[in-house]
Amino acid sequence: TVSVLYCEMAATNPFDDCAAMRKAMEGDWHIAFTTLKMYRDGKKLRPWCRYTQTPSEYVMADRTCAEEVSDASKHPPIMKLSSMEGTTTQKPEAPSKFLWRGSGWLKWITMDFRVVYMNESEGVAATCFEKTFHSEAGCEIIVRDPAARGTGEADDAAMREAAKAIRAQPDFGIMGPLEPAAGTRWDPVERPRGPLTNHGLGGSGHL
């Protein structure tokens with residue numbers, strides 16, 4: 001069951017229309033809360049993702065990036081941007097469902113994921129990923145502008161609804177806890193922050 005609060009009264013609900021869903025997803029998103037261990041354990045910091053429409057109707061290019069410590073001996077430490085690229089193909093019969101396929105040496109890895117919450121006016125969404133041989137099942141709350149959000153579910157209605165949609169998923173019980181992504185403004189732990197050596201890789205840089 002898809003849980004969704006959709007607030008654009010004059011627009012097409014993206015859960016009912018493929019083009020509207022791709023338009024709602026396109027652009028940059030910051031991962032705010034996640035069940036995925038790799039974004040909670042502090043090795044990959046301030047993760048974000050970007051979706052870009054390709055000439056193929058149902059296909060978007062995507063890039064997921066995070067900061068990692070490159071040289072901890074410096075003060076502040078030198079950071080590097082790690083990047084994972086792929087393509088996201090929408091399933092025409094189900095606007096909120098997609099198949100991710102890696103690019104380059106990751107091209108043989110695929111993963112099904114779905115959008116379970118979308119609030120375009122607030123810039124908040126939630127996505128969930130199916131378990132594969134290579135990765136755990138997981139969900140994420142993603143936001144357009146971290147600075148515009150509250151401190152979490154307690155004082156941010158859109159993020160609260162996104163978390164509610166995630167916890168309603170039938171496979172939520174096999175996932176890790178939904179916690180702040182490391183290095184974001186919601187993370188209570190102080191994480192390394194410093195200049196990026198390869199910020200030209202593309203993306204938004206620091207949150």
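A residue is counted as buried here when its relative accessible area is under 20%. By that criterion, in this predicted model, strand S8, which spans residues 138-143, is mostly covered, six of its six residues being buried.

The pairing of S8 involves two other strands. Strand S1 (residues 27-34) pairs with S8 in the antiparallel sense over four bridges, and within S8 the bridge partner of phenylalanine 33 is isoleucine 141. S7 and S8 are likewise antiparallel, with six bridges between them, and alanine 125 stands opposite isoleucine 142 of S8.

Ala125 and Ile142 also belong to the lining of the largest cavity, together with Met25, Trp29, Val115, Met118 and Thr127. This cavity has a volume of about 30 Å³, and a search of the whole structure finds one cavity of 30 Å³ or more. S6 and S7 each contribute at least two residues to its lining, which by class comprises six nonpolar residues, one polar residue and no charged residues.

The largest pocket, by contrast, is an open feature, with a volume of about 800 Å³. Of the 30 residues that line the pocket, Met38, Tyr39, Met84, Trp100 and Met111 are the closest to its centre. At least two lining residues come from each of the strands S2 (45-53), S3 (59-71), S4 (78-91), S6 (110-119) and S7 (124-129), and by class the lining of this pocket has 16 nonpolar, eight polar and six charged residues.

Key:
Residues numbered from 1 in each chain as written. Predicted model: local features only at pLDDT ≥ 70, side-chain atom pairs only at ≥ 80, totals over all residues. Heavy atoms only, no water. 1 Å grid on protein atoms, 1.4 Å probe; cavity = no way out; pocket = protein on both sides within 12 Å on 5 of 7 lines; lining within 4 Å. Points joined across faces, edges and corners; volume = space filled by probe spheres on them. Nonpolar A, V, L, I, M, F, W, Y, C, P; charged D, E, K, R; others polar. Buried < 20%, exposed > 50% of the residue type's maximum accessible area, 1.4 Å probe, protein only. Pairing = 2+ DSSP bridges.
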